Amino acid sequence: MIRRNIPNALTCGNLLCGCIGVVEAFHNNLLLSCVLIGVALVFDFLDGFVARLLKVTSPIGRDLDSLADVVTFGVLPSIIMYQLLMQSIPDLFGIWKAYPAFIIAIFSAIRLAKFNNDPRQSDSFIGVPTPANAMLIASLPLIVHTESEVWKNIIINTNNLLILSVVMSYALVMELPLIALKFKNFGWQGNEARFILIGVTIVLLATLKFLAIPAILIVYVLLSIAANLRKKQA
């Protein structure tokens with residue numbers, strides 16, 4: 001009984017990070033909220049990995065995972081985006097401009113519902129996964145905190161943040177197959193794009209720090225498009 005619930009306990013760790021992150025984001029402790037998204041990503045990876053390792057996957061575990069992801073990788077990024085928009089709005093009468101941040105939560109929920117009911121997403125993703133989108137949004141306060149004033153001016157800009165909210169919400173549900181880091185074997189053949197993505201990620205993180213996160217997402221999408229074109233030509 002305990003063995004069967006280990007993955008679910010890890011999923012609950014993901015959810016706990018999301019709940020605490022929401023509270024901290026509403027108190028404008030955005031850096032802590034972003035760190036909690038990072039911790040939740042570890043839990044999110046481990047729950048699936050441990051479930052497969054122990055051979056205890058179940059429909060309940062899958063649904064619990066999606067419910068936790070809605071909070072941690074949907075609602076929490078929306079609140080972070082809301083707070084960034086609030087920082088970019090010069091007067092209190094314009095606070096309504098921050099409300100579109102919550103389309104991220106809505107489209108994250110739609111994306112997760114589609115994922116649970118789409119048989120095409122067993123070996124790849126259709127649309128940007130919610131953890132990747134959450135990681136991108138979480139990188140914004142970290143970039144503002146660690147990089148130059150130029151980056152702060154680019155990010156803390158109402159129009160830029162609204163555009164990003166709309167673009168990334170669409171990216172969550174767009175009909176574009178993307179690479180999933182699920183290895184059936186560790187040979188080069190068939191895993192070229194995955195190994196390239198891992199290698200590029202390591203290099204970018206080592207050189208660009210938090211600025212690497214948006215760059216990694218762009219590389220991820222481009223590599224996925226290249227992999228799709230290669231499959232069609234094969």
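Me: Where does serine 169 lie?
Reply: Serine 169 lies in helix 7. Helices here (H or I, at least four residues) and strands (E, at least two) are DSSP runs, numbered from the N terminus. One thing to keep in mind: this is a predicted model, in which local features need pLDDT of at least 70 and side-chain atom pairs count only at pLDDT 80 or more, while totals for chains, interfaces and linings use all residues. Residues are numbered from 1 along each chain as its sequence is written, and side-chain values use heavy atoms, with hydrogens and water left out.

Me: Why is serine 169 called buried?
Reply: Buried means under 20% relative accessible area, exposed over 50%, and partly exposed in between (1.4 Å probe, protein chains only). Serine 169 has 2% relative accessibility, so it counts as buried. Leaving aside neighbours within four places in sequence, serine 169 is in contact (heavy atoms within 4.5 Å) with Ile103, Ile104 and Phe107. The buried residues of helix 7 also include Leu161, Met168 and Leu172.

Me: What caps the N-terminal end of helix 7?
Reply: Asparagine 157 does: one of its side-chain oxygens lies 3.1 Å from the backbone nitrogen of asparagine 159. A polar contact is a pair of N or O atoms within 3.5 Å; within protein, one must be able to donate a hydrogen and the other to accept it, and residues adjacent in sequence count only if both atoms are side-chain atoms. The 3.1 Å of this cap is therefore within the 3.5 Å limit.

Me: What covers the buried residues of helix 1?
Reply: The cover includes helix 2 and helix 3. Among the buried residues of helix 1 are Leu10, Thr11, Asn14, Cys17 and Val22. An α-helix has 3.6 residues a turn, so residues three or four places apart point the same way.

Me: Why does threonine 11 count as buried?
Reply: Its relative accessibility is 2%, so threonine 11 counts as buried. Threonine 11 sits in helix 1 (residues 2-26), and its side chain makes a polar contact with the side chain of aspartate 47 at 2.8 Å. Beyond its neighbours within four places in sequence, threonine 11 is in contact with Asp47, Leu64, Asp65 and Ala68.

Me: What makes the meeting of glutamate 175 and lysine 114 a salt bridge?
Reply: A salt bridge is a side-chain nitrogen of Lys or Arg within 4 Å of a carboxyl oxygen of Asp or Glu. The side chains of glutamate 175 and lysine 114 meet at 3.6 Å, N to O, so the pair qualifies. The pair links distant parts of the chain, 61 residues apart: glutamate 175 is in the loop between helix 7 (158-173) and strand 2 (177-179), and lysine 114 is in helix 4 (residues 103-116). A search of the whole structure finds 1 salt bridge.

Me: Why is lysine 114 called partly exposed?
Reply: Lysine 114 counts as partly exposed because its relative accessibility is 30%. In helix 4 you also find isoleucine 110, which is partly exposed at 38%. The C-alpha atoms of isoleucine 110 and leucine 172 are 8.5 Å apart in space, although the two residues are 62 apart in sequence.

Me: Why is lysine 55 called exposed?
Reply: Its relative accessible area is 75%, so lysine 55 is exposed. Lysine 55 is found in the loop between helix 2 (30-54) and helix 3 (59-88), and its phi is positive, near 55°, in a residue other than glycine. Lysine 209, in the loop between helix 8 (192-208) and helix 9, has a positive phi of about 55° although it is not a glycine. Lysine 209 is exposed, at 58%.

Me: What makes Ile218, Leu222, Ile225 and Leu229 a patch?
Reply: Patches are made of residues with over 30% relative accessible area and no salt bridge; like charges are joined within 9 Å, nonpolar side chains (Val, Leu, Ile, Met, Phe, Trp, Tyr) within 5 Å. Leucine 229, found in helix 9 (residues 212-233), is partly exposed at 46%. The four residues Ile218, Leu222, Ile225 and Leu229 form a nonpolar surface patch, with about 370 Å² of accessible area together (Shrake-Rupley method with a 1.4 Å probe; for residues, only the protein chains shown count as cover).
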